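The entries follow the order in which I looked things up.

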Amino acid sequence: MGQPRADAPSTTRTMLSAAGRSYFPIALAARFPFAMMVVGVLTLVAAARDSIAFAGLASAVVGLGTALTGPFIGAAADRLGQRRVLLACAAVNAASLLTLAIVAYSAAGNDVVLGAAFLIGASAPQVPPMSRSRLVGLIRSRVPGAQRARMTNGVMAYEAAVDETVFIFGPVVVGLLATAFSPVAPIVGAAVLTAVFVTMFALHRTSHATVPTAEEHGATEPARALLAPGVLVLVAGALGVGLFFGTTLTSLTALMASLGYPGSAGLVYGIMGIGSTILALSVAAFSPRFALWARWLAFASIMLGAALLYAQSASVGSAIVALAIAGFGIGPTIVTLYSLASERAPEGRSATTMTLLGSGVIVGQSLSSAITGEVAEAVSLDMALWLPACAALLVFTAAVLNASLRSIRRTAPAAADEPAPTPVAC
């Protein structure tokens, strides 16, 4: 127990020195547009077009755009470097967001609105996976081989905790802006954040950490390596996490409205982020014998149990309890997914692999938001409350499959089963 504690300060100093102190706040702010866009589109279109069903369709189209182009954006970053790819994405994405803010309230047809929504998703800057890829690149270039696994897992823990925080509180920010100003405010805010912070992230000196050399181009594994079972099962888990986010937020919105608190869904939803962030940042307390495959099983079980409890919520209090418990499961689950992804990424395809997981989350969130809203309106609230349990079941099933595949390793047999140590405190 003494050694991890002794390593923590040096780990932090190493990453702060390698990335620079400005990197972490910039990367944090640059993530928010990605986490805000689905809920922001849903909120704006619902208000502008006076149709929850069409708003759900528009948010689903955002996810479709991300699903179709996200992996290609990651592949382009692996081949060309992140700077050029991110600058292009930031420009197109900010323009698309502002375009939607204009056409949603105009006399333009619904197809124009859907086109703008698709461009938002298709051009979404993949900051979370690219941040992971950068930090892993810095570790590989600056840290001795014997220490890389420990530091990589620590960075993945930090990154997952930040992602979890952003995906929980991104919708809260959307709700606050829409309530304080207007439904168009979250979309305009996301455009500003994209133009400023994604651009700063693209221009940061760490972007060179992932610029491939001629030698690395030759070592890049073929794209079919991304279809390995060990990678696909992680994408399925990430999709389940996104489905859980979307079904939970949308069904909670319907539940709070039925209880007479229509404006409080975002605040109640944010409760899930408290335990989630704490657990994600506390993975160093786990026993070294608590392997990643077993950790995924254990915390997916907590997610599933909490979702079953949530499905029976009949009051604000019961929903709060269920969401608080769910947070204890989802945070470590995300840490585990990305820790495994960092180990299983094919050579030269780090950003692509991370982007696949990030796209899985956003696609799951957008599709489930649309489906859950439709179920809540056309079927019943009770049925909508059961959908998070279905999403959690997918995460648990993927964990079971991963356990059966744990002997599959790209390089070292035990690499993916090493526990995550103390995360980098930034």
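I began with helix 12, which passes helix 15 in a left-handed crossing (left-handed if the near helix is turned anticlockwise from the far one by less than a right angle, right-handed if clockwise). I note that this is a predicted model, in which local features need pLDDT of at least 70 and side-chain atom pairs count only at pLDDT 80 or more, while totals for chains, interfaces and linings use all residues. Residues are numbered from 1 along each chain as its sequence is written, and side-chain values use heavy atoms, with hydrogens and water left out.

I then looked up the axes of helix 12 (residues 292-310) and helix 15 (residues 381-404), which come within 8 Å and cross at roughly 165°. The two helices are therefore roughly antiparallel (angles over 145 degrees).

For helix 11 (residues 265-280) and helix 13 (residues 316-344), I found axes that come within 7 Å and cross at roughly 40°. Helix 11 passes helix 13 in a right-handed crossing.

Last, I searched for salt bridges (a side-chain nitrogen of Lys or Arg within 4 Å of a carboxyl oxygen of Asp or Glu) and found that the structure holds 1. Glu-159 forms this salt bridge with Arg-31, with the closest N and O atoms 2.5 Å apart. Glu-159 lies in helix 7 (residues 145-180) and Arg-31 in helix 2 (residues 23-49), so the pair ties together parts that are 128 residues apart in sequence. I also noted that both Glu-159 and Arg-31 are buried (under 20% relative accessible area, with a 1.4 Å probe and protein chains only).

Conventions:
Axes fitted to C-alpha atoms, helices over the stretch in contact; angles between N-to-C directions. Helix = DSSP H or I, 4+ residues; strand = E, 2+ residues; numbered from the N terminus. Parallel < 35°, antiparallel > 145°, perpendicular 65-115°, else oblique. Buried < 20%, exposed > 50% of the residue type's maximum accessible area, 1.4 Å probe, protein only.
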